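Take a moment with the fold before reading on. Trace the chain from its start to its end.

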Amino acid sequence: ITMGKLVGGFLLSLAVGIFALAAEPQVPRRIDIQGEPERIETVEIILGNKTPLVAYAATELAYFLGEGSGLKPEMVAVPSGKGLSIVLGSSPLAENEGLFPELLPSEGFRILRKGDIVFILGMDDPQQTPEHNFWMQSYRRSTLTGVYDFLERFVGVRFYFPGPHGTVVPKRNGFFLPPVIDILERPD
């Protein structure tokens, strides 16, 4: 086999793969954010499926939300009704709203606000976390991606590089959230 045949075969395989991906129907993105942002005084975080990844996403959310707004979110089992509840991952609460991670695009996530509850969910690996798999991040972690997107959009956090020197957390005078949030995001 000559080098030309190897390169030609590779290019043909690449072209067929690209056309196959292009032919796959894509779920359209949805970004619906409306209304005058309201000040949120208390936040509680609810872990839907209690996997290591969702627990990691909850600690990231609590830390960066606290750093940016001064709030100290509590981890609770069910919404108390005393403030904003952020439900992470799949859960009976999410299912009651018709939110199922398996219906989302691969590596996609959903952020939806329903009154005083915000749902952030996507398909996740039941075992892995970034803490235990630092170099090889090849597993599903859509809820965590949704948490980072939420922090960027609504807290102003910027993740340029891993670690404290590559992350910018602006100090704000509180936490403000619009009343209508409906985001369905996916990779291209």
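This is a predicted model: local features need pLDDT of at least 70, side-chain atom pairs count only at pLDDT 80 or more; totals for chains, interfaces and linings use all residues.

Residues are numbered from 1 along each chain as its sequence is written, and side-chain values use heavy atoms, leaving out hydrogens and water.

Start with the sheet. It is open and has 7 strands, in the order β1-β11-β6-β7-β5-β3-β4, with mixed pairing. Strands (E, at least two residues) and helices (H or I, at least four residues) are DSSP runs, numbered from the N terminus. Two strands pair if DSSP finds at least two bridges between them. The edges are β1 (30–34) and β4 (74–76), and each pairs on one side only. Neighbouring strands are turned by 20° against each other on average, direction ignored. Axes here are lines fitted to C-alpha atoms, for helices over the stretch in contact, and angles run from 0 to 180 degrees between N-to-C directions.

Now look at single pairs. β1 and β11 run antiparallel, joined by 5 bridges. Here aspartate 32 stands opposite aspartate 182 in β11. β11 also pairs with β6, again in the antiparallel sense, over 4 bridges. Phenylalanine 109 faces glutamate 185 of β11. Is β11 covered or open? It is mostly covered, with 5 of its 6 residues buried (under 20% relative accessible area; exposed is over 50%, partly exposed in between; 1.4 Å probe, protein chains only). β5 (residues 84–88) and β7 (residues 117–122) pair in the parallel sense over 4 bridges. There, serine 85 stands opposite isoleucine 117.

Two helices come next. Helix α2 (residues 52–69) packs on the sheet and touches β3 (43–47), β4 and β5. Contact means heavy atoms within 4.5 Å. The direction of α2 makes about 170° with that of β3. Helix α4 (residues 142–154) lies across β1, β5, β6 (109–114), β7 and β11 (180–185). It runs at about 135° to β7.

Between β3 and α2 is a loop that holds asparagine 49. This residue is partly exposed, with a relative accessible area of 24%. Leaving aside residues up to four places away in sequence, asparagine 49 touches Val54, Leu88, Gly89 and Ser90. Asparagine 49 and glycine 89 are 40 residues apart in sequence but 5.8 Å apart in space, C-alpha to C-alpha.

Finish with valine 168. It sits in strand β9 (residues 167–168).
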